[in-house]
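Colleague: Hi! Could you walk me through this one? I'm still learning how to read a structure.

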There are 2 protein chains.
Amino acid sequence: MKTILLKNRPKGRPSVSDFEFVENDSPLEIKDGELLLETTYVSVDPYLRGRMSDAKSYVAPFELDKPVHSGIVAKVIASKHTEHKEGDYLAGMLDWSTQQISNGEGLTKVDGEKAPLSTYLGILGMTGLTAYLGLTEIGKPKKGETLVVSGAAGAVGSVVGQIGKILGLRVIGIAGSDEKVDMLKSKFGFDEGINYNTTEDMTAAIAKAAPNGVDVYFDNVGGPISDAVLFNINHFARMIICGAISVYNNTELPKSVSVQPFLVKNSALMQGFIVSNYSEKFPEAMKHLSTWLAEGKLTYSETVVEGFENIPQAFIDLFDGKNKGKMVVKI
Amino acid sequence: MKTILLKNRPKGRPSVSDFEFVENDSPLEIKDGELLLETTYVSVDPYLRGRMSDAKSYVAPFELDKPVHSGIVAKVIASKHTEHKEGDYLAGMLDWSTQQISNGEGLTKVDGEKAPLSTYLGILGMTGLTAYLGLTEIGKPKKGETLVVSGAAGAVGSVVGQIGKILGLRVIGIAGSDEKVDMLKSKFGFDEGINYNTTEDMTAAIAKAAPNGVDVYFDNVGGPISDAVLFNINHFARMIICGAISVYNNTELPKSVSVQPFLVKNSALMQGFIVSNYSEKFPEAMKHLSTWLAEGKLTYSETVVEGFENIPQAFIDLFDGKNKGKMVVKI
């Protein structure tokens with residue numbers, strides 16, 4: 001049994017040496033009410049970077065020399081639990097360990113027959129819920145409006161854009177390579193894509209792609225891309241602030257264009273979004289997501305890395321945009 | 001009859017030479033349905049700066065070589081109007097002229113016996129409505145929460161803080177002189193005041209004044225003061241972006257601390273507020289404001305400048321904080 005601990009709080013960009021692998025050869029013994037789980041898929045997500053710092057945040061930081069945890073799909077390999085039996089697959093927040101004991105709390109049974117197991121970490125998991133609930137609860141989009149999505153080729157962004165199309169919006173995605181931009185349009189049905197790495201004047205490029213202005217902005221990145229969107233917002237624009245991956249590794253406090261004058265001029269809204277605040281809406285959201293997936297209206301991309309030992313590197317690669325869609329590690 | 005025209009769009013800080021005084025000696029003739037009005041009080045407000053630029057905004061910019069207009073109380077000196085008669089006082093958006101003709105549209109009769117005429121430009125006018133509706137509709141304050149107000153000694157800020165106290169909040173005001181800070185506490189009942197001109201570490205000063213963190217921020221100023229508040233916001237904080245007077249005269253695009261990471265970490269909200277979007281709530285708001293004023297629970301400060309020719313300078317003086325409370329010009 002192997003486990004990954006947080007060794008150091010990363011300074012700036014995380015590195016593999018911020019993590020420590022430990023092995024334990026003594027067998028795990030379960031008691032009544034417990035499950036022995038074997039990890040199958042591990043989700044790596046940008047928000048984990050925040051938990052590796054000790055700054056005040058919406059969830060407690062990871063502790064040093066303790067296991068990192070994230071969304072995981074695991075197989076029950078032994079059970080003294082009334083509800084879950086050997087061979088079941090469960091999804092939930094678990095440690096970065098090859099095996100672990102759980103009392104089942106916070107874990108949901110998932111069905112690999114209905115959808116691939118990894119999707120319960122993605123489009124049928126936190127990723128899909130984040131996309132659906134952020135867009136609908138804060139964005140409140142109306143048919144015919146224009147939606148801009150940053151980090152559009154990422155796990156959340158690619159789902160946001162597709163839901164935008166289902167809801168009748170004009171959808172513009174911002175991503176970091178021509179290949180990703182092509183994928184946004186050909187695979188996910190975005191109306192327009194902008195490669196921020198090759199576009200000199202992002203403000204002008206957004207204006208061109210959104211001739212009627214931007215009504216809803218689903219922001220995964222922050223930084224200069226979000227500044228450029230601000231110049232194009234409409235009156236009563238809604239900006240869902242879901243992540244700020246472009247500044248998560250900054251060691252100095254990031255500076256941007258002052259948003260306040262834009263908000264006043266346009267009676268516009270910016271709201272930080274954390275999916276866990278909307279748990280009472282999960283069943284409704286899951287119903288839409290699984291229906292759309294079954295009907296073929298939603299599709300997804302996954303980047304699957306193999307091997308427990310590659311979890312830290314897969315996480316670090318998120319910050320270089322090496323993933324297309326959801327990044328998961330298969331154990 | 002004298003009128004003030006916008007001569008130039010100000011570059012940076014407005015100057016008196018951006019305005020032009022014109023005289024017209026031919027008497028004004030009214031037709032059926034019209035009123036001849038003599039200006040009594042003129043409101044000067046920071047938001048007018050925005051209308052002097054031609055940048056896209058929530059209201060059309062003022063036209064060059066046309067009269068500037070703002071909130072005005074005027075006396076009817078001749079009437080061919082069915083509703084309003086000679087001697088009535090009316091309040092509404094009117095030109096910066098000593099006399100003018102109106103068909104009465106958009107004007108409300110005001111009663112100088114019930115409250116001083118100038119209050120209809122202040123606490124019983126747009127100022128009071130902005131304070132009440134911004135705080136309650138966006139801020140949604142709950143008893144026991146902490147409210148920070150910037151521009152606290154200004155027209156809107158001083159009312160916001162008092163309403164905060166009526167609603168059971170801990171109220172901290174930020175202003176630009178010790179005299180103003182004293183006034184916040186002694187006259188308006190704020191719990192704490194901070195002089196941003198003499199405080200080196202605003203973030204620490206706010207933390208000290210708001211030991212439980214900041215739940216609601218009523219922002220009239222933007223810029224570095226608002227940056228310092230960000231470091232002190234609580235989970236689910238609501239920030240009412242009502243104005244950004246600290247940057248209105250900037251000729252370069254103002255930069256600030258990136259707000260997005262703070263919004264994500266705290267599931268916090270920032271929303272631009274324009275009182276005119278809430279007109280259906282005006283009657284309810286006016287009821288509260290006039291009741292509280294009559295009961296002595298609300299008080300106000302006014303800076304009254306005398307003389308039509310001093311309107312431009314009074315407006316410019318707002319940007320140096322020369323006003324305490326509402327700045328009006330008495331004609």
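Modeller: Happy to! Let's start with B:Thr146, which sits in strand E8 of chain B, residues 146-150. Keep in mind that this is a predicted model.

Colleague: Okay, is B:Thr146 buried or exposed?

Modeller: B:Thr146 is buried, because its relative accessible area is 3% and the cut-off for buried is under 20%.

Colleague: Which residues does B:Thr146 touch, not counting those up to four places away in sequence?

Modeller: Leaving out residues up to four places away in sequence, B:Thr146 touches B:Arg170, B:Ile172, B:Ala210, B:Gly213, B:Val214, B:Asp215 and B:Val216.

Colleague: And what packs against the buried residues of H5(B)?

Modeller: E8 is one of the elements there, along with strands E9 (170-175), E10 (192-195) and E11 (214-219) and helix H6 (223-230) of chain B. The buried residues in helix H5 of chain B, residues 202-209, include B:Met202, B:Ala205, B:Ile206 and B:Ala209. Seen down the axis of H5(B), the buried residues fall within an arc of 95°, so they line one face of the helix.

Colleague: Why would residues spaced like that point the same way?

Modeller: An α-helix has 3.6 residues a turn, so residues three or four places apart point the same way.

Colleague: Nice. New topic: where is B:Val275?

Modeller: B:Val275 is in the loop between strand E14 (269-272) and H8 of chain B. B:Val275 counts as buried because its relative accessible area is 9%. Not counting residues up to four places away in sequence, B:Val275 touches B:Met126, B:Leu129, B:Thr130, B:Leu133 and B:Phe282.

Colleague: How far is B:Val275 from B:Lys180?

Modeller: Their C-alpha atoms are separated by 25 Å, and the two residues are 95 residues apart along the chain.

Colleague: You mentioned H8. What span should its 13 residues have in chain B?

Modeller: At 1.5 Å a residue, helix H8 of chain B (residues 282-294) should span 18 Å, and its end C-alpha atoms are 18 Å apart, which agrees.

Colleague: Which residues of H8(B) are buried?

Modeller: B:Ala285, B:Leu289, B:Trp292 and B:Leu293 are buried in H8(B). They cover an arc of only 100° around the axis, which puts them on the same side of H8(B). Helices H2 (126-138) and H3 (155-166) of chain B are among what covers them. The face turned away from the buried side carries the exposed residues B:Pro283, B:Lys287 and B:Ala294.

Colleague: What comes just after H8(B)?

Modeller: B:Gly296 does, and it takes a positive phi of about 80°.

Colleague: How many aromatic pairs are there over all chains?

Modeller: There are 14 aromatic pairs over all chains. In one of them, the rings of B:Tyr132 and B:Trp292 have centres 6.0 Å apart and planes at 50°, so the pair is tilted. This pair links distant parts of the chain, with B:Tyr132 in helix H2 and B:Trp292 in helix H8 of chain B, 160 residues apart. Both B:Tyr132 and B:Trp292 are buried.

Colleague: Which aromatic residues cluster with A:Phe19?

Modeller: A:Trp96, A:Phe315 and A:Phe319 form one aromatic cluster with A:Phe19.

Colleague: Last one: how can chain A be laid on chain B?

Modeller: A turn of 180° with a shift of 0.0 Å along the axis does it, with an RMSD of 0.1 Å. That is the relation of a two-fold axis. The same surface serves both copies, as 100% of the contact residues of chain A recur in chain B.

Technical notes:
Residues numbered from 1 in each chain as written. Chains lettered and ligands numbered in written order. Predicted model: local features only at pLDDT ≥ 70, side-chain atom pairs only at ≥ 80, totals over all residues. Heavy atoms only, no water. Least-squares fit on C-alpha atoms with pLDDT ≥ 70 in both. Contact = heavy atoms within 4.5 Å. Helix = DSSP H or I, 4+ residues; strand = E, 2+ residues; numbered from the N terminus. Expected span 1.5 Å × (residues − 1). Buried < 20%, exposed > 50% of the residue type's maximum accessible area, 1.4 Å probe, protein only. Arc of directions from axis to C-beta. Phe/Tyr/Trp six-rings, centres within 6.5 Å; stacked < 30°, edge-to-face > 60°.
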